[in-house]
Amino acid sequence: MKIGVVGLPNVGKSTLFNALTKNRAESANYPFCTIEPNIGIVSVPDERVDYLASHYKAKSIVHATIEFVDIAGLVKGASSGEGLGNKFLSHIREVDAILHVVRAFDNSNIIHVEGGVDPIRDINTINLELILADLETVSKRYERTWKQSKQGTFKEYLEELDLLKKIQAVLEDEKMANSIAFTEKERVIVKTFCLLTTKPVIYCVNLNEAEELEQNKHCKNIKELATTQGNSVIGISAKIEEEIGQIDDGGERDEIMQMYNLSTSGLDRLIVAAYKLLGLISFLTAGEQEVRAWTIQNGTRAPQAAGRIHTDFERGFIRAEVFSFDDFKTQGNIDGVRKAGKLRSEGKDYIVKDGDVVLFRFNV
């Protein structure tokens, strides 16, 4: 799954990306420093994987991952080609969700393309460009679908045409398409439109060092806007997180976190929030050879979960032997789980839960 990191130039996107991935995406004090998107794969923190790996003394440990894409800063007019807008908008089209970095700190040494710090204005600037780009997409799609309807049976195209009209009305009202409560059937059709404003969003508020989100003067307005859009908000100091990310020594890292009064890395919170944003969960497989977290959509049934490991597992699925990580930790080992009656045999209709430890039985 891909998360696109977006925002105006000089809001801290590439600094945050550096901290997330521990890569060195170019970060400088001028617009369009990032032209081609930088890509980094990030492990999803999961203490359950670490615990099982320690218990089994596993030779291999594999965490779930998310791919973050650092997309160049957008500016006003991007939808009509300002800056390098059209190219960057195409990069956003390829991701599954958006991490919208918003600057909420003052620093006269770091220029702002709009001349001053105003997070709501910046959010609206980016969102309007996404809306305008989607309006163009919807208009072209409607025109193409209308022409097709004249060549075939109009009735079979009517649902799509009505849906496009509904989306167009919302976009023209300068609202995001993800504000529409689509039916499941509509959601399938909308996915084929490849719209920017249907993607889920986390607003990542870039704060001053050692400042908490609730202390920031812009916090209330940002949260109110996010609530009306159905989006979430997380506060992080990208500069501190980059500093923490550059330290390999765990003890020194803990000292710096204590100095800034941080109980949990902001990036750990961000990664977990992004994972949840996409509606993903992890099931686990465990043994001496490997402990691994496997990523699936919440609501996935056992055979399809088995297919994440190998297509043969899904094709020849017989049953899943399942226990929860919490039961394993409580009982201490697999024998304790069995004695407590917590090891279950589940069939094809079983919906795999987050934290399930699973052994699939199959035959092909």
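**Ground rules.** I am reading a predicted model, where local features need pLDDT of at least 70 and side-chain atom pairs count only at pLDDT 80 or more, while totals for chains, interfaces and linings use all residues. Residues are numbered from 1 along each chain as its sequence is written, and side-chain values use heavy atoms, with hydrogens and water left out.

**The whole chain.** I looked up the secondary structure and found 14 helices and 12 strands in the protein chain. Here helices (H or I, at least four residues) and strands (E, at least two) are DSSP runs, numbered from the N terminus. Of the 364 residues in the protein chain, 48% are buried. I use "buried" for under 20% relative accessible area, "exposed" for over 50% and "partly exposed" for in between (1.4 Å probe, protein chains only). The accessible surface of the chain is about 18400 Å², and carbon and sulfur atoms hold 47% of that; the areas come from the Shrake-Rupley method with a 1.4 Å probe, and for residues only the protein chains shown count as cover. Among contacts (heavy atoms within 4.5 Å) with a separation of 6 or more, 68% are between residues 24 or more positions apart.

**Nonpolar cores.** A nonpolar core is a set of buried Ala, Val, Leu, Ile, Met, Phe, Trp, Tyr and Cys residues joined through side-chain atoms within 4.5 Å. Which residues of the largest core touch the most other members? I noted L16, L20, F68, I92, L99, I167 and L270, out of 79 residues in that core. Helix α4 (residues 119-151) gives the largest share of this core, with 7 residues. Another core lies apart from it and has 15 residues, including I296, A305, A306 and A320. A friendly reminder to myself: in soluble globular proteins, nonpolar side chains tend to be buried together.

**Strand β4 and its partners.** Two strands pair if DSSP finds at least two bridges between them. Strand β1 (residues 2-6) runs parallel to strand β4 (residues 65-70), and 4 bridges join them. K2 stands opposite E67 in β4. Strand β2 (residues 38-43) is antiparallel to β4, with 6 bridges. There, I39 has V69 of β4 as its bridge partner.

**Aromatic rings.** Rings of Phe, Tyr and Trp (its six-membered ring) pair if their centres lie within 6.5 Å; planes under 30 degrees apart count as stacked, over 60 as edge-to-face and the rest as tilted. I count 7 aromatic pairs by this rule. One of them, F283 with F360, is edge-to-face, at 5.8 Å centre to centre and 90° between the planes. This pair links distant parts of the chain, with F283 in strand β8 (residues 280-285) and F360 in strand β12 (residues 356-362), 77 residues apart. Both F283 and F360 are buried. Together with W294 and F317, they form one aromatic cluster.

I also checked for charges over rings, which needs NZ of Lys or CZ of Arg within 6 Å of the ring centre and within 35 degrees of the ring normal. R292 lies over the face of W294, 4.1 Å from the ring centre. The charged end of R103 sits over the ring of F105, 4.7 Å from its centre.

**Helix α11 and K348.** In helix α11 (residues 302-309), the buried residues are A302, P303, A305, A306 and G307. Their cover includes β8, β9 (290-297), α12 (311-315), β10 (317-324) and β12. K348 lies in the loop between β11 (344-346) and β12. Is K348 buried or exposed? K348 counts as exposed because its relative accessibility is 55%. Leaving aside neighbours within four places in sequence, K348 is in contact with R301, A302, P303 and F317. The C-alpha atoms of K348 and A302 are 5.8 Å apart, though the two residues are 46 apart along the chain.

**T145.** T145 sits in helix α4. T145 has a relative accessible area of 1%, so it is buried. Beyond neighbours within four places in sequence, T145 is in contact with Y157, E160, L161 and L164.

**Two positive phi values.** Most residues other than glycine have a negative phi, and most peptide bonds are trans. N10 has a positive phi, near 65°, and lies in the loop between β1 and α1 (13-21). N10 is buried, because its relative accessible area is 13%. E174 also has a positive phi, near 60°, and its place is the loop between α5 (154-172) and α6 (184-191). With a relative accessible area of 57%, E174 is exposed.
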